[in-house]
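Here is a friendly walk through a two-chain model, meant to be read with the structure open beside you. Take a moment to turn it around before reading on.

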There are 2 protein chains.
Amino acid sequence: MAKLAEYRQIVRELLTEYARVNPLGGEIESETVFDIENDRYLLVDLGWKGHKRIYACLLHVEIKNGKIWIQRNQTDSSLTNALLAMGVAKEDIVLGLHPPELRQYTESGVI
Amino acid sequence: MAKLAEYRQIVRELLTEYARVNPLGGEIESETVFDIENDRYLLVDLGWKGHKRIYACLLHVEIKNGKIWIQRNQTDSSLTNALLAMGVAKEDIVLGLHPPELRQYTESGVI
């Protein structure tokens, strides 16, 4: 349970930091969307570039059964590396964005 | 304040209902992501169609300054009509997905 609280804190910190340091500027905002109850954490860029609507879900991370699932990463940074650097155990990171049958060939966690 | 509580309830009910009645089946899940603290409400479809990753943010609604902002709608249903049917005042609906300078020509709210 202590680990779960720690993982929640790490994921929230990480996405908040992404939102802070990756502003696209202009009329585009980086928004975190944190569903605390269901442990779903997103980072969304939205706004306008002139008349063009910008909308992109950049990051989507979930915590399920004590593991951190990376469901989406549209950035060029490795969330896995960032999570490892923050103290998350490798076997607790699940690459949800990789097909299930390929996950066993990564060094990350599988369900 | 009573109106705000009512609008929150309406938005949450609406997206929960979309998640329930619009299952794509197979290995694709419809997830609501509700950020209660910031009043951001999303509906995301994610999963697999064979080896192909499916990820789509279908709906994104926010409540800001007492108004309901429709930031994204990738469904074929009108969120405006659904909100109106649930008792939301037309001037309290802002079409965030329309360019700001065009919003004045809709009958919906402008900021």
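Which residue in strand 5 of chain A is the bridge partner of Trp69(A)? The partner is Val94(A). Before going further, please keep in mind that this is a predicted model, in which local features need pLDDT of at least 70 and side-chain atom pairs count only at pLDDT 80 or more, while totals for chains, interfaces and linings use all residues. Residues are numbered from 1 along each chain as its sequence is written, chains are lettered from A and ligands numbered from 1 in the order in which they are written, and side-chain values use heavy atoms, with hydrogens and water left out.

**The sheet of chain A**

Chain A has an open sheet of five strands, in the order 1-2-3-4-5 and with mixed pairing. Its edge strands are strand 1 (27-35) and strand 5 (93-94), each of which pairs on one side only. Strands here are DSSP runs of E with at least two residues, helices are runs of H or I with at least four, and both are numbered from the N terminus. Two strands pair if DSSP finds at least two bridges between them. As background, strands of a sheet pair through backbone hydrogen bonds, either parallel or antiparallel.

| Strands of chain A | Bridges | Direction |
|---|---|---|
| Strand 1 and strand 2 | Nine | Antiparallel |
| Strand 2 and strand 3 (residues 52-64) | Ten | Antiparallel |
| Strand 4 (residues 67-73) and strand 5 | Two | Parallel |

Then look at Tyr41(A), whose bridge partner in strand 3 of chain A is Val61(A). Strand 2 (residues 40-49) of chain A is mostly covered, with nine of its ten residues buried. Buried means under 20% relative accessible area, exposed means over 50%, and partly exposed lies in between (1.4 Å probe, protein chains only).

**Turns and positive phi**

Most residues other than glycine have a negative phi. Against that background, a few turns deserve a look. The hairpin of strand 1 and strand 2 of chain A has four residues between the strands, and Asp39(A) there takes a positive phi near 55°. In the hairpin of strand 2 and strand 3 of chain A, two residues lie between the strands, and Gly50(A) in the turn has a positive phi of about 65°.

Asn65(A) is not a glycine either, yet has a positive phi of about 50°. This residue sits in the loop between strand 3 and strand 4 of chain A, and it counts as exposed because its relative accessibility is 82%. In chain B, Asp39(B) also has a positive phi, near 55°, and lies in the loop between strand 1 and strand 2 of that chain. Asp39(B) counts as buried because its relative accessibility is 5%.

**Where the chains meet**

How many residues of chain B are in contact with chain A? There are 25, and they touch 25 residues of chain A; contact means heavy atoms within 4.5 Å. The two chains bury about 2100 Å² between them, 51% of it on carbon and sulfur atoms. That buried area is the accessible area (1.4 Å probe) that two parts lose on being put together, summed over both. On the chain B side, Val33(B), Trp48(B) and Tyr55(B) lose the most area to chain A, together 25% of what that side buries.

Two salt bridges are counted between the chains, a salt bridge being a side-chain nitrogen of Lys or Arg within 4 Å of a carboxyl oxygen of Asp or Glu. Arg40(B) and Glu31(A) meet in a salt bridge through their side chains (3.5 Å, N to O).

Glu31(B), in strand 1 of chain B, counts as buried because its relative accessibility is 4%. Not counting residues up to four places away in sequence, Glu31(B) touches residues including Arg40(A), His60(A) and Glu62(A).

Finally, find Pro99(A) in the loop between strand 5 and helix 3 (100-103) of chain A. Pro99(A) counts as buried because its relative accessibility is 12%. Leaving aside neighbours within four places in sequence, Pro99(A) is in contact with Trp48(B) and His51(B).
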